[in-house]
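I opened the notebook to record what I looked up in this structure, going from the whole chain to local features.

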Amino acid sequence: MPGILRQLSGLGGCTNPVRLAGHRTEHRLNTTTGEIGPALRRLNSTDLPAGDLLVRCGNRRTTRCPACAETYRRDTFHLITAGLRGGKGTPEQVTTHPRVFATFTAPSFGPVHNRPGPRPCRCGARHTPDDPALGTPLNPDRYDYESAVLWNAHAGMLWRRFTIHLRREIAHHAGLTQRELPHRARVSFAKVAEYQKRGAVHFHAVIRLDGPAGGETAPPHWATPELLTDAIRAAASRALVPGPVLDGRTHTFAFGPQLDIRTIHGPDFPDGQALTDRAVAAYIAKYATKGAETATGTLDRRLRFVAELATMNLPAHAERLIRTAWALGARKDLEHLRLRAWAHMLGFRGHFSTKTRRYSTTLGALRTARAEWRRLQAAIARGDDPHPVDGPDEKTTLVLAHWTYTGTGLTPTEQWLSASLADLTAPEGDSAR
Ligand SMILES: [Zn+2]
Ligand SMILES: [Zn+2]
């Protein structure tokens, strides 16, 4: 393969790579004398076919880089799946632990067009499922945009408050003190944030109850999906975050009354209609690659000036949410919410996916494994020994590198070559879809 194609194929389809100029050398380090030996390997960006080192952008969003978002989606799928059925360091016995899939929503900020299908909506009209009116307010002038944006801005805190209450409620339902709980059971979860069409963040979470040391220990006899469900319900209704007082109005943030909790069953559960771990993982992974833009038609990047909005032709509801965030962002008393920086996210600045340490493997571990796999493949393709005896060793190898950022993206020629590469590569089997 010509050099440029080989370099582009290393990007795995990333269309928006980071370009770096500079060099990297590996030296043998004498650990007794501290002497640095001559360079064992060198990499200089000027020697590369593209003239720069190209690094995958790693963007999570489908609208920014479909290839990198796909990688992120698959990693998320594996991470969620590992926590549900074991694998990648998590024991398989987690399938026998109580596990639920829960969806937490925001409260109402005013009536919206919310009924697609043959039955008429509250506005009297019938909406097709793809009608852009769905999720938008019946009366925009009476919709509480301020609370909608502030709720998003506090959603991450509300989730943390919920997790504290959840541990208390589990202890309470099991007849234990809060101090006893960690010696008997441990709660693990993974969650993703998603935007509803109305622009409010909601959370989907897998919540699992383990024994005291996590997935490898059996949960106590009282740990059932029913107890977990009751505890989640109680904790969700107790979780409150006090908000700011704006123009004489005191804001307090809580989850909305719509709370859906379903038990996750293992693959051999007899009922074909049951919610399986596979379906849950696919569902969560799908949302991990979306931002506000896919649900509400808003922006996928930061806004620098509010005047930019005039040229963007956004849906009116999304634009009004962004303008509200921008306006609130000017207030000194809301400075900590950084509403201007997160206006394009409709105020939400939390993480899109989070998990507790013991839920399963980490995205970092999956990335390291993939990088190692690619390194071996590249070595095999070059005809090198993939496990050289004198290969780099963290203890005895000194890496000297200096890189400077020269831009992002591909040149028109590289784009064309990259697209022809994508056509050549047979589509991979997709375990996540
Ligand atoms: Zn990319
Ligand atoms: Zn309607």
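The entries below follow that order.

I noted that this is a predicted model, in which local features need pLDDT of at least 70 and side-chain atom pairs count only at pLDDT 80 or more, while totals for chains, interfaces and linings use all residues. Residues are numbered from 1 along each chain as its sequence is written, and chains are lettered from A and ligands numbered from 1 in the order in which they are written.

Overall chain. I looked up the extent of the C-alpha trace, and along its principal axes it spans about 70 × 60 × 45 Å. Of the 433 residues in the protein chain, 33% are buried (20 or more other C-beta atoms within 10 Å of the residue's own, with C-beta atoms placed from the backbone).

Domains. I found that the assignment, which is automatic or from a database, gives domain 1 as 3-58 + 364-424 and domain 2 as 91-109 + 144-359. Taken over C-alpha atoms, the centres of domain 1 and domain 2 are 38 Å apart.

Secondary structure. I counted ten helices and eleven strands, these being DSSP runs numbered from the N terminus (helices H or I, at least four residues; strands E, at least two).

Helix α3. I followed α3 through residues 145-173 and found a bend of about 50 degrees at alanine 155, the bend being the angle between axes fitted to the seven residues ending there and the seven starting there. Just after α3, glycine 175 has a positive phi of about 70 degrees.

Valine 241 has phenylalanine 253 as its bridge partner in β8. Two residues lie between β7 and β8 in this hairpin, and aspartate 247 in the turn takes a positive phi of about 50 degrees.

Key: Pairing = 2+ DSSP bridges. Buried ≥ 20, exposed ≤ 12 C-beta atoms within 10 Å, placed from the backbone.
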